[in-house]
Amino acid sequence: MGVAIETQIKLEKSNDNLIIANSNLKQVNESLETSYNMLEATLAFTDEGLITVDRFGDITHMNQKASRILRLTHSEAISRNISDFLTDKSFITKALNCGEPVSYRETIFKIGKSEETYLLTIRSTHSQDPKIIRGAVIRIVHPDKINALASLRAGSQAKFGFNDIIGDCNEIKKVKGIAQRFSLSSENILLIGESGTGKELFAQAIHNNYCPQGPFVAINCASMPRSLIESELFGYEGGSFTGADSQGRPGKIELANGGTLFLDEIGDMPYEVQAVLLRVLEDKQVMRVGGKRYQEVDFRVVAATNRNLLKMVKENQFREDLYYRLSVLRISIPPLRQREHDVLLLCQYFIHTYCDKTGRSKPQMSPAAVKKILEYNWPGNVRQLENAIIYAINITQSDVINVEHLPYEMLEDDREFSNDKNNITETEEILPLRVWEEAAIKSTLLKSNNSIAHAASILQISKSTLYRKIKEYNIAL
């Protein structure tokens, strides 16, 4: 009887332990299920394709993005081998056999009847023994995403819009209006203007008005070595030439896919490269140096030059067919000497911008300095004017910019100004009050962000008077 009772007690304790163990196992299963669901949600949330394979390369799992890339459902892809989709299988074999990592390898995927380029990153998974490889995780990224990040890191982005182009004269307002209309078209644009007139500023404004989300890739054709311009434009495959990256590199045209390619100083592009560029513009396909296949690209060209391309065409220095391909829409940007009414406005803008950036007090310009600035021819245009103002701000020791504070090249042919700022000679004409009044109103409106109430308060006049002056001087708000 005692043995039976003892046995019954042990059975009841075992049952209690089993109940506790079953409860713990249920909690573990629920925790595992929650973790699995969280992992599934995380994998579905990412915009990159993720595939797991076993040590033979058979697919064991994939997220929704990978399914869309391979154009297969999850059940259709499971147990298929990853090498079925690759043209180059050697690096997959090496990664699975040796555990050798692969980072952003450009690979051609066989998807249905087509071939598409993607970037692959592979990391092997191991058992407790690091020498035993159980499988691998593969990440698939479209090159456009990496190209966009590379362009952003390289500073290839458009920062300016049409509102950043300062000017109230009729000439610049007319050009801005034309550029805004042209920007809505997908045709190529040729910007013509002297050095320093702001051609890249217009190019960025056109880009931001047309495709602000796309990349803006700028190339200065004059500063690029002739031996490198082809590989820079079109890219190259690995091992194409001595010193080339072993994995190859995309060219500027590929990086500009979905955006704008800005070709500055297009007149300096080597003649032999012009023919290849023309072919790309016509076919919208690019082949890398040393490559064997074309890649579809979609971009818009905005070219700029300070040279007479039509004259270069007649002298056989520039291809005629490329000229007409680039100049579907032409914009001529006026030089600063033709924008007399904008000179003082630009001066005030550069003073406010530079002093706000550096924390300096904003100096005023003396009548003699204003006269000299208005009389100067400005061969370097707006860029030279900006540099002159920055130079004057840094060299003056007071709150006034005098003639002697202007750069040397502005004074070398003019010796009638005295170095004594208090000595006003008879050659220093007093400018008409209208010039000062108009400049003061424009500068104040600029500073107050076109707020009539704020500007009137600064100028110490009524709002009605300010409106009347704005109408009188034809100042655009």
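This is a predicted model: local features need pLDDT of at least 70, side-chain atom pairs count only at pLDDT 80 or more; totals for chains, interfaces and linings use all residues.

Trainee: Where does Gly380 lie, and with which residues is Gly380 in contact, leaving aside its neighbours within four places in sequence?

Mentor: Gly380 belongs to the loop between α14 (367-375) and α15 (helices, H or I, of at least four residues and strands, E, of at least two are DSSP runs, numbered from the N terminus). Beyond its neighbours within four places in sequence, Gly380 is in contact with Ser195 and Gly196 (heavy atoms within 4.5 Å). Between the C-alpha atoms of Gly380 and Ser195 the separation is 6.3 Å, although they are 185 residues apart along the chain.

Trainee: How is a sheet read, and what is the order of the strands in the open sheet of 5 strands?

Mentor: In general, strands of a sheet pair through backbone hydrogen bonds, either parallel or antiparallel. Here the order is β2-β1-β5-β4-β3, with antiparallel pairing (two strands pair if DSSP finds at least two bridges between them). β2 (59-62) and β3 (102-111) stand at the edges with a single partner strand each, so one side of each has no neighbour in the sheet. β1 (residues 49-54) and β5 (residues 133-141) pair over 6 bridges, and Ile51 stands opposite Ile138 in β5.

Trainee: How is a pocket found, and what is the volume of the largest pocket?

Mentor: Rolling a probe the size of a water molecule over the atoms shows where empty space is left. The largest pocket has a volume of about 770 Å³. A pocket is an open set of points, on a 1 Å grid over the protein atoms alone, where a 1.4 Å probe fits, with protein on both sides within 12 Å along at least five of seven lines; lining residues have an atom within 4 Å of a point. Grid points are joined across faces, edges and corners, and the volume is the space filled by probe spheres set on the points. Among the 27 lining residues, Gly198, Leu201, Val382, Arg383 and Glu386 are the closest to the centre. The largest share of the lining, 6 residues, comes from α13.

Technical notes. Residues are numbered from 1 along each chain as its sequence is written. Side-chain values use heavy atoms; hydrogens and water are left out.
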